[in-house]
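Hi there,

Here is the structure I promised to pass on to you. Have a look at it first, and then read my notes below.

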Amino acid sequence: MSEGLVVSYSPLLGGAERLLVDLAPALPGSPLLACPPGPLAHAARDAGLRVHELEPRRIELRGSARDRAGAPLRIAAQARELRGLARSRPPWAIAWNMRAAMSAALAGFGGRRGGSPPLLFQHNDLLPRGPAAAAVRAAARRAGLVTALSAAIARDLDPRGRLRERVSVSHAGVDLERFAATPLPDGPPELLVVGAIVPWKRPDLALEVAARGDARLLYAGAPLGRDGEALLARMRERAARPDLAGRVEFLGGLDDPRPALRRASLVLHCAPREPFGIALVEALASGRPVVAPAAAGPLEIVDESCGRLYPPLDAGAAAAAVRELLADRARLARLADAGRERAAREFGLDAARARLREQVERLAAAA
């Protein structure tokens, strides 16, 4: 192997994995992606990446006590696979997300021994609670460089600034041509929520926001795991009650969110601790104002020029913000235009690719 190595523990195609596929053209040469079989592997091959399939494993870090107890064994098993790949001496390696960073560190990546590839940790999430957080911080100390998707993620990883020289922030970028701005739709307003149905994202809050207004609610997202399935069942039950009956449409997981964005008048976000929020950037690029919690990643994406922020978990405040924006179509259009300008200025894909390539080249040069 004469080219670099990118490692993902997850086989899914969530926001972080879509970011990987989007940024891969920036990487030097023809890197190899090592990941379990699944949607990420398919998308990577479609994008022209070479893929080595790792053994599939459960992905929960925040799941049940049994899931958490088994996580170290699963990460150690992936580390054994990575040691085999390291024998081909890749000039650099990127660990995409926390579990990949832990398995790469356990495999010896980032060490001083000959044949150990220098390691870049692409950190896209807030830390879980408990021993896993300490393990992620240890992996970050082993990495030559750490790129955090948001300042909120960087602070969470390194609250005392001990890794300041190694940690940089690089926001995700979107393809501004693919997510082109379209006119706001005519007719009755529709709110759009884009995101996986998992408890920590609080998708159920969107129903309470919609119940306090007259707009229809579109929910684009699929449930993840048993907890997600149970939550979706409760959401469907809530949506059938008289105050929401006929006003909620569950779209399921979407390979392409653009048709749903064209339908929407604005985008609503409900996760109280969203690490970044690539769906919010896609909304702004598409010319859709955003209403989101005033916490973590959304604070770095949304301001008064392009949307509204509300106290996390406050359905009443979120509904008031939605009503305010929908009450004045001219103001909504101004926010839409400003959001597109903000996305072009702050969140372009070309700039994000250039930052990643610069980091990889810096890592390789230092090694």
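The buried residues of helix H13 are covered by, among others, helix H1 (15–23) and the strands S4 (93–96), S5 (119–123), S6 (145–148) and S7 (167–169). Contact here means heavy atoms within 4.5 Å, and buried means under 20% relative accessible area, exposed over 50%, partly exposed in between (1.4 Å probe, protein chains only). Helices (H or I, at least four residues) and strands (E, at least two) are DSSP runs, numbered from the N terminus.

Before you go further: this is a predicted model, where local features need pLDDT of at least 70 and side-chain atom pairs count only at pLDDT 80 or more, while totals for chains, interfaces and linings use all residues. Residues are numbered from 1 along each chain as its sequence is written, and side-chain values use heavy atoms, with hydrogens and water left out.

Back to H13: the residues buried there are Leu349, Ala352, Leu356, Gln359, Val360 and Leu363. Seen down the helix axis, they fall within an arc of 95° (taken from the directions from the axis to the C-beta atoms), so they line one face of H13. On the other side, Asp350, Glu358, Ala365 and Ala366 are exposed.

Now the sheet. It is open and has seven strands in the order S3-S2-S1-S4-S5-S6-S7, with parallel pairing; two strands pair if DSSP finds at least two bridges between them. Its edge strands, S3 (50–53) and S7, each pair on one side only. Between S4 and S5 there are four bridges in the parallel sense, and Trp96 stands opposite Gln122 in S5.

Enjoy exploring!
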